[in-house]
Each structure stands twice: as C-alpha cells, then as structure tokens.
Amino acid sequence: MKFVKWIGLSLFVAGFSFFNYFFFASDYRLMPDGVKAHLDDARAALFLSQSGDLIDRTVASQFDFVAELKLTAARANKRVEHDYGIQESELQKLLAASAPVFLIHRVDSLWRDSTPEHEFKRKAFRDYGSWLDGQPVTIDQLTLVADNIRQYAVIPTFGFDRYATKGLLYSLTKASSTGPLPKQPLLFLLLSVGLTLVGALMFIFPKLARHPGIQNNGIFFQAIKNTGWLGVLLGSWLILFYVVLYFYPEYMVNWIILVDPVSRWISGHEAGRFFLYGFIYTLCILVMGVRFLIHYRHSSYHLWRTASVMFFQTAFAFLIPEILVRLNQPYFDFKNIWPLDYSFFFDYRLDQLMANGSLGIFMLVWGIVLIVVAVPVLVYFFGKRWYCSWVCGCGGLAETLGDPFRQLSSKKISAWRVERWMIHAVLVFAVVMTGGVLYTYFTGSSQVLFFNSYDVREWYGALIGAGFAGVVGTGFYPLMGNRVWCRFGCPLAAYLGLVQRFKSRFRITTNGGQCISCGNCSTFCEMGIDVRWYAQRGQNIVRSSCVGCGVCSSVCPRGVLNLEVRDEANRFGQPVLTGNNGVVEEGRA
Amino acid sequence: MKHIVIVGNGISGVTAARHIRKRSQARITIISSETTHFFSRTALMYIYMGHMTFEHTKPYEDSFWKKNRIDLVFDHVVRVDPPAHQLILKSGQSLLYDQLILASGSRPNQLGVSGETLDGVQGLYSLADLQRMEEHTRGIQRAVVVGGGLIGVEMAEMLRSRNIAVTFLVREPEFWSNVLPLQEAALISRHIRKHDVDLRLSSELGQIVDNGSGRVKAVITRSGEQIECQFVGLTVGVSPNIGFLAGSGIQTARGVLVNEYLQTNFSDIYAIGDCAERVPVLPGRRAVEQVWYTGRMMGEVVAQTLTGMPTPYQPGPWFNSAKFFDIEYQTYGHVPAQRSPGLADFYWEHPRGEKGVHVVWEKDTRRFVGINSLGIRLRHDCFDRWLRQGVSVDFVMEHLPEANFDPEFSERHEPAIASAFQSYLLPTAV
C-alpha cells in the first residue's frame, strides 16, 4: 500500500510538472491565414501591413510573441490615427476659421473630399464637436474634440481598442501555437492532467486501509497544511494561475489547447479559458471529493453531502451548460444564484434569455425563483448548508480541494469583526451594482445617481468576481483556509446567512454539559467560527456564517455537537451546562 | 475590594474565576506554574498527534483575561500561610488574599517499581509532560504503556499516530474493566487491537530496565517477559496535587478536605476540582472526582458561594464521556462494572462489533439507573431529565429515539435495540 502511495505521488508530481512545462512548451508562428480567420478583412490587412517580420517567423516564447503582437497592434493604431485622426495642422486651420465663433459647418469646407478619411472626419467632428457650435473656441477645446475622436471613434472603428486588443492577443496566440502540443493535444492532456489524476487517485486510495474515523493525524506537522514552504508555494501557484486566467489568458493558450478536444466533444466548440477552468475545477472536486469520501466514510452525512457537491458540479456547473451550447441554447448553470452569479441581470444575458423562446424565459423565471423563493424557504427548513455545502460550486471546491486547509481559518474575534462588515459590504455593492445595471437596462441611461453603471459593473467584475472570488478565494486556500471567499466575500452567502440567522430552524445543538473545551471543533471550522466558545457554555451555535459542513460534529471526541433542524422556539438555547444542581444560568448573572 | 486568589489555572480555577467575575467586582488573581494562560488539558493528546497546536487548545484568546480583569500570575506557590492570609511564591514574592481557592489539580501516580525515574519513563498530565514525551519519543521504535485507563489509551493512540509500535500492559482482564462492564471493555479491547496496539491483558509491570546510561531499555513484566522499548508511559492514575500545603494547617487526606460548600477547615479557603476531597462523601459519588466536568461544576458552585449566594455542591446525575481511538463513549447515571445485587441489565451490541448500549435498572421497581453507550451519541438533557424523574427502563427503551444525538443520515439502531430488549425480557416474563 505504501508502495502504491509513493508511485502515485511520483506520477502526480510528474504530471503536474508536465502541465507546468506545457505552459512554456510551444513555439509561436503568426500565419496570415490565422490573422484573416480572426479579423475582418480591413483589420486583417491593416494588422498584416504592420506586422513587419513577425509573419511566418518562429518566436520561442508566448511572452515575446504577445509583446510583438502588442507592438503590431500599437503600430496599427498609430497608422489609423495618422489616417483618420485629426492632425494639429487641421485644428489650426479650424481655429483660424473660427473667429469670432466656431461654426460646425466649417468642417465641411475643411474636409471637402469624398475620400473615406474626409468623410469620416466630417462626420466625427459633427458627432463630437457640435457642442462648440456658435461658441468662441480655443485650441485646447478643439484638441479635446480631436482626442475624443481618436479614442472613441478612430481606434474602435478602424484599429484595436483595449477589448479588441485583448481578444486579438488571445486568439492570435492560440492560433499561432506550433509544435507537437497543438498537433496532439489529447496525448499531451493525458501526459499532464491524466498523469496528475491517476497519481492523485493512487495516492488517495491507500487511505482505505486505515480504520474509518477522523484522519487528522499530523496535519500541523505538514508543510502544505500548516502554511509551511509547500503551502506558500501552492498558494503562490494558485494565485498566479488565477491572475493569468482572469487577466492574461493570452499566456495560457497551450493549456487551453490541451482541452480543445474535450470541449469539441462536449459542446462542439473549441475551448475557451473558462472551459479549461471548469474542466480542471470539476476534476479537482471529483478527485478531492473521492479523498473526502474516503476520509469520512464513517459518516453518512458527509457521504451524502460530498456526493451532492460532486454531482452538482459535474452535471449542473460543467456538463449541462456545455450541452445547452451544443443545442444552440443559452449557456446556463441552473444552480447558480444571484448575487453569486453577479451577471445574471446584465443586459446581454437578459437579452440572450429573452431571445431564446420558452426555454430562455424559463431560465429567467427559474433564476428569479431561486432568489426569492428557494433561498428563504430552503434556508428556513435546512439552513444555508442546503446551498453552501451541498450544491454550490465554490462551496464544492472548498469542501473537497480545500478540505486539507480548513484548519487555517482564523478564529480570532478580530477576524469575525472584519468578516461581518466585509461580506455585508460586498452584498450591498452587488445590490447597488445590479440595481444600476437594471436601471440602465430599462431606461437606457448609464448614469445612475452619481455613478456610471457600466463602470461599476466592470469594477465589480474585476474586484469581486475575479479578484476576490478567484485570486483570493482559492489562491488563499493554503494561507487563510478554504472558505476565504465564502466567509469574507460571497454576497449570496451573506444573503443566505441573514435568513439563517434570523429565520430558520437550523442550529448546531450543544449536548448538555459534555464539552471538554478541547478545541477540535473550532480548529476545524472552515468558516472560522469559534464553535467551542458556545459549546463550552452549553449554548447552541446559531451563526449566519455556518455552512453546515458538519465537520465540527465529526471531530468532536465527546459527541457534543449535532447539526439539527428543530422548532424555532429556544433555538439559541440557554448558556447553562446540564448536570449541576443549584447553579444559575450564566446569562442571568 | 476583596481579593480572591485562585491557585491553579485548569478548568476548575478558571471556571471559578469567570463566574466570580460575572457576579462581582472582586479583584481576582490566578496563579499557575504550568502555563501563563488557560488551556484545555483534555486536548494535550491532539497537540502530539498534530490535530492542533498549543494555541488551539486555549479556550479564550489571551486578551480575554485583561478584558475581564482577571490577573494571571505565572509562578509556583510554595507555601500557604492561612493565619496571615498569605501565599509564598517560588519567585520569593508573596501575595495576600482575602479568600483563597485551591484548584491545584493532580499529579500522575507512581507505581513504585524499579527504574521508574529513568529517562523515557513518564506519566501524562501537564503540558510539561507532553513536551517531555515529545522529546522522549522522537525517532523511537517501540513504546510500552502501563495502565489500562483513559490516559493509557490516549497515550497508545498518540504513539500510534506517529507509527511507534505500542505494547499496552493492562492489569485487568479487559481494558478499563474496573470501570466498564466486561462487554464494553471487551469491545474496546478489540478495537484497540485493530489499531495495531499489542494489548496485553492481565499483565503488570515488574521493573524497568536501564540501558546503562540512565535511559529506559526495556520493561520486564511480572510474568518475567522482557519487552524492549525506548519509552514507557506510566498511566496508573493521578492523585491530588497538594504537596505544597504540607504544614499549612489545611486539613488533607487524599485530597484537601472540604465540606458541602467546598470549604476547608479555614473558612476563607476553598478547594475545588481534582485536589478536593468531599467529606462526607455524597451518596453514589466518590470523595475525589478527577473529571473535567466535576471540576467545572465545583468552579461554578464556589463562584456563587463567594459572591453572596452560598451554594452546596450538588452535582446532578453522573455523566461522563471519552473516546477510545475511533469509538466514542458516553455514560449517564450509574452502570457498575460488576453485576450488583438488585440491579438488572441489558446489553446490545451491533453485529459489526463497534457499537454497543448497556442499560441498567432496578430489578424490583424497574427504575432506570444508567446507560453506557459506545459509538452512538446520546442526548445529555434527555438522560439528565429521565434520571432526575426516575423513569422506568421501559420508558427509556421506548423513548430511546428521542435521545439519539447521532448526525443526520446516520444508521439508526433503536428498532434493533428495542426488539433485542423485548426478546431479552421475554424469558423472565414467562
């Protein structure tokens, strides 16, 4: 058994090393056909005209390649600015013709030809400069108009703005990867992800030889589980992974190419970065779910709960949305709930659902019913755990991949204090952002009170959606425990928690006076609840943050804690320890 | 402002301090020479096993004490001078008190065999013991644990967690069968063996052998067998830690003698927890009870007494719990190790042999007396209520499902237990 375990570990390390190596492996060669496939004719011609010697030249790393693409795009932008942008000399002419006041029709005489350049400039100046009509003007005002035209008209119309550049970098890099990997992606997928998986499972299965029961031996002696060098290394890797995934996907095209065959097989389309992410995410939940199942095979509660998160991730979060795409239906995760699914009310998603007939409308109604009916009703009957540790994808990853790190969450009162304002602030942020987005959707006006709804939603996506939920939420597993996002950031957890705290039948019951204050419950609470504080005074635990994972109850050596749904009456219990005659309650004293 | 000084920062002393603070503004000082801050002694094993660090075993953050104006003194009391209301500390300082609470706990017993003072031979009670055990067991191959009680099995589990081979010498015919009825004791013995512990029943330690440089090399049992080992855990019970009271005039026997108010022969000195000995003994209880729960209860009681509400120590129905490797144990009421006249009992064991329930009642009245449970969690409040009410065993068996405290989705055994109980009763009913 020990033998199997060590082979497994070796395979895991080998597979994971291959995976990392493949990140850097390919050469990159830009081919004219690739450019033409990803750009419209005019832009393709422009880009190719500016690409110098990059065409058909082999570049050894994606970093150099992307840098060259950026330069090319910048040159292309310079080119269109030169062609379509309004030049200093033209502004001087306008100024000279604008005494005493500027008249907008002057632009027709300045750019009187029927060339595309002159037509564009005439129209653009009317669009962006008509506010100056009939006014005395300065050169600064005219320059401002010219700058706006360059930024908002010239570049987006003829060149590559920020978004177009980002998309261009990604798609051209992906199309330009050459070498064995893009030719045989499946083989390389098996060599990396396949080996990692097999190795992990071989490492995990020998645990079956241990007697069923709590498997926490040695946790605080292990470098990976106690924020030692290995934990810091893993955390850094995860953080880098998320930063690249969310902000620099053009560098990880090789990894995406690896899963292209899988994506084509499931949805019929080539893979994007979020397919890669979903694929790895699901595998992590499945493999580490097996580990959790083996660890807790003495507890039916954990068996059911873990099987549930494994199922919901695989079916609802990963397969069904891809299959919907294959059927030309909207990509939709039926178990994702606003405000965790913060873009649910974004215009493009609403439009997409409403454009997709009865299924689209059903999805829209379903999503709203989850928010207004399922959350309060199910939390009332079962506690927020029905979602957080049975259904949710973030919770699913935390309970499986994150389980080895649950003991790292801070139990300090100061951490609780930060948690309470932070998670509710995110909820407020999500509500305000969504309100603004909907206001814009219905009125067409992007200015809401003092903010621009597009800016706010972009900030939310970058700060909360990518930064908090991804980079911090998972990257910090080995540093701050496996529920950093759920505890400090998830607006849905905040909403579920408010219901759980104020209107629910759920509680963790403390068993009379049996607590011995050992601290296992608090140590292994992933949400950082100081469970012992309640248990040792004989009081039930009712906390908005509790996700009902049930591990406190499992690790308790004296059978003190139990997750229960019972009558709401006396749910909090009295702080009194059973078994001592003549002693008054703590609270009364 | 009166000054209450507490000697010992274990569960008894700390509970007393906390409850006094809730009820009064008195100045409170806790003296301990073990640690600066309160930690949970019951969690020592988990530090060794790597489940927790020492920090995790502290039930209150360090800021708690200052916030609650409880002064902590890290020093050792060498002498108590009751007439002068004075404590002399090891540092040479002295401390005046108005009221004194002795909560000095226990110390491990010695067996009186040769070799007991060798390096690598020790008991396990204090944090210092744990640190010594850490050093003594680093890199060793085999250990011998002597004494079939709760600390013994904990030590065996601790050592096994580090893959150290363990021979476990138990004097009784089954593990802890001086406390548990044979059926439960046998079940636990089997389970201990499943964890690869070399459990030797009915065997006693003869002597401990020196390796020539003052360290343990082997033990020799009474039957003459020599077992090579590099560590010996001596867990043959604990005794009240009262040596520092010698000559103080405070009356002691096994422990510090206290009346029903936990008061010693000096009216301003009290003793609670492991170090206290009740005279007269409460019916159905021991004079010295070295259990977490009783220490805590005495702390609660003495706090009321010292804050204007004199309260006699009257523990409710007995309860206790433990965990033997993977098997949890709970007990409520009285389940004697030996069959007692006038009592009847019923034992049910799960076919897989890792769960069991033992119920005891009065033969004549059918009044429920007590229950032992292995591998099934029971609700303390139910049994506390039923024992106070004096319900019948039939009532208990009928209402057993209400008292179940196992996690949701757990396999439920009440129907099997109830039907086994019925068929057990049938022959006598005829």
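## About the model

This is a predicted model, in which local features need pLDDT of at least 70 and side-chain atom pairs count only at pLDDT 80 or more, while totals for chains, interfaces and linings use all residues. Residues are numbered from 1 along each chain as its sequence is written, and chains are lettered from A and ligands numbered from 1 in the order in which they are written.

## The sheet in chain B

Helices (H or I, at least four residues) and strands (E, at least two) are DSSP runs, numbered from the N terminus. Two strands pair if DSSP finds at least two bridges between them. In chain B, five strands make an open antiparallel sheet, in the order 22-23-26-25-24. Its edges are strand 22 (319-324) and strand 24 (343-349) of chain B, each pairing on one side only. On average, neighbouring strands here are turned by 10° against each other, direction ignored; axes are lines fitted to C-alpha atoms, for helices over the stretch in contact, and angles run from 0 to 180 degrees between N-to-C directions.

Six antiparallel bridges join strand 22 and strand 23 (residues 327-333) of chain B. Helix 8 (residues 380-389) of chain B packs on the sheet and touches strand 22, strand 23 and strand 26 (368-374) of chain B, with its direction at about 25° to that of strand 23 of chain B.

## Where the chains meet

Contact means that C-beta atoms, placed from the backbone, lie within 7 Å. Chain B brings 46 residues to the contact and chain A brings 42 residues. On the side of chain B that touches chain A, helix 7 (292-306) of chain B gives the largest share, six residues. Other elements giving two or more residues include helix 1 (11-23), strand 22 and helix 8 of chain B.

The two chains also share strand pairing: strand 8 (residues 580-581) of chain A and strand 21 of chain B are antiparallel over two bridges. There, A:Asn581 stands opposite B:Gln314.

## A buried leucine

B:Leu262 sits in the loop between strand 18 (256-258) and strand 19 (269-271) of chain B. Is this residue buried or exposed? B:Leu262 counts as buried because it has 26 C-beta neighbours inside 10 Å; the cut-offs are 20 or more for buried, 12 or fewer for exposed, and partly exposed in between, with C-beta atoms placed from the backbone.

Leaving aside neighbours within four places in sequence, the contacts of B:Leu262 include B:Tyr270, B:Ala276, B:Met298 and B:Tyr313.

Terms used
Contact = placed C-beta atoms within 7 Å.
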